Amino acid sequence: MRAVYATDLSDSIETAMSSRICLECLGRYGITEVHLLNVTSPNVTTGMPGSDIGEQTKAALERQRRLLEEEGFDVETNVVRGTPHRRINGLADKIKADLIIVGSRGKSPLRERFIGGTTRNVARTASRPLLVQRIAEEDDHHEVVNEHLFQRVLYATDFSENAEHAFEQFRYLDTPTQEATLLHVRPPERRSGSPGVEDAEEKLEALAERLREKGIEVTTMVREGEAVEEILAAEAEVQPTTVLMGSRGRSRIRRLLLGSTSESVTARANCNVLLVPPVGGR
């Protein structure tokens, strides 16, 4: 399986790549080949007299390549110019990547964060699964928030086709995932056609049985309220290492739109987020 690992060559990204636990989790997910990608601004000129930016970029990429290769990954490095999210998604589509990995920095895992522009735009336009990895930014250092990337998964579902497609990620998560919480949030005033509590519990239990057959410890949860707030409340309660959910808005007409629930959760969650686009996004 292939992954595109986006790097801005910052200390925060190198912190993530220096975590053997993180890399082992990617290996257990099934990743064997990593395409390390650095996107530079079209306005940056390398090789000019008095400028060593080209050599700096090369040295940093080689250092990060070694970190990945030491954990057994086959690695290719790429330096391109252009708009970051377009280049990241473009490479992912070109190599038929199974996963895109981007880092998201925040002041602290305990404080509200904002989602960076590149990460937001990649999420809005990605046609392949995207892992947003949390990296806490303290005063003088960076720290990976959840090194065991997929150990405890909170799967949020509205029982839509998109959510069902996201559930299929467990075919790769059955090895690294030990615990899973399956969550459905009902609107405060149940809309026509939306499942009742008993119906939702029955559907969640059916999904839970599929995961228990894989040896995963599973609990189910039905909450009522506003989706984003209830998903974040469940996150605080069960403390997953990753929230798994589907994203929307992959059609060409709505290309720049991300479902408000998935975008808000990605922006505000304290843990990693694995977003899965609709089948038609590929």
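Tyr29 is buried, with a relative accessible area of 2%. Buried here means under 20% relative accessible area, exposed means over 50%, and partly exposed lies in between (1.4 Å probe, protein chains only). A word on the source: this is a predicted model, where local features need pLDDT of at least 70, side-chain atom pairs count only at pLDDT 80 or more, and totals for chains, interfaces and linings use all residues. Residues are numbered from 1 along each chain as its sequence is written, and side-chain values use heavy atoms, with hydrogens and water left out.

Back to Tyr29. Its helix is H2, residues 20-29. Helices are DSSP runs (H or I, at least four residues), strands likewise (E, at least two), numbered from the N terminus. Which residues of H2 are buried? Cys22, Leu23, Cys25, Leu26 and Tyr29. Seen down the axis of H2, these buried residues fall within an arc of 155°, so they line one face of the helix. That arc is taken from the directions from the helix axis to the C-beta atoms. After H2 comes Gly30, with a positive phi near 125°.

Now the rings. The structure holds 5 aromatic pairs. Rings of Phe, Tyr and Trp (its six-membered ring) pair if their centres lie within 6.5 Å; planes under 30 degrees apart count as stacked, over 60 as edge-to-face, the rest as tilted. Tyr29 and Tyr172 have ring centres 5.5 Å apart and planes at 45°, so this pair is tilted. Tyr172 sits in helix H7 (residues 170-173), 143 residues from Tyr29. Tyr172 is partly exposed, at 23% relative accessibility. Tyr155 and Phe170 make an edge-to-face pair, 6.2 Å centre to centre with 80° between the planes. Both Tyr155 and Phe170 are buried. Tyr29, Phe150 and Tyr172 form one aromatic cluster.

Next, charges. A salt bridge is a side-chain nitrogen of Lys or Arg within 4 Å of a carboxyl oxygen of Asp or Glu. The count is 16 salt bridges. One of them joins Arg2 and Glu33, closest N and O atoms 3.4 Å apart. Arg2 is in strand S1 (residues 2-6) and Glu33 in strand S2 (residues 33-40), so the pair ties together parts 31 residues apart in sequence. Glu14 and Arg63 also meet, at 2.7 Å, N to O. Glu14 lies in helix H1 (residues 11-17) and Arg63 in helix H3 (residues 53-69), so this pair ties together parts 49 residues apart in sequence. Glu14 is buried, at 17%, while Arg63 is partly exposed, at 36%. Glu62, Arg65 and Glu69 are linked in a salt-bridge network.
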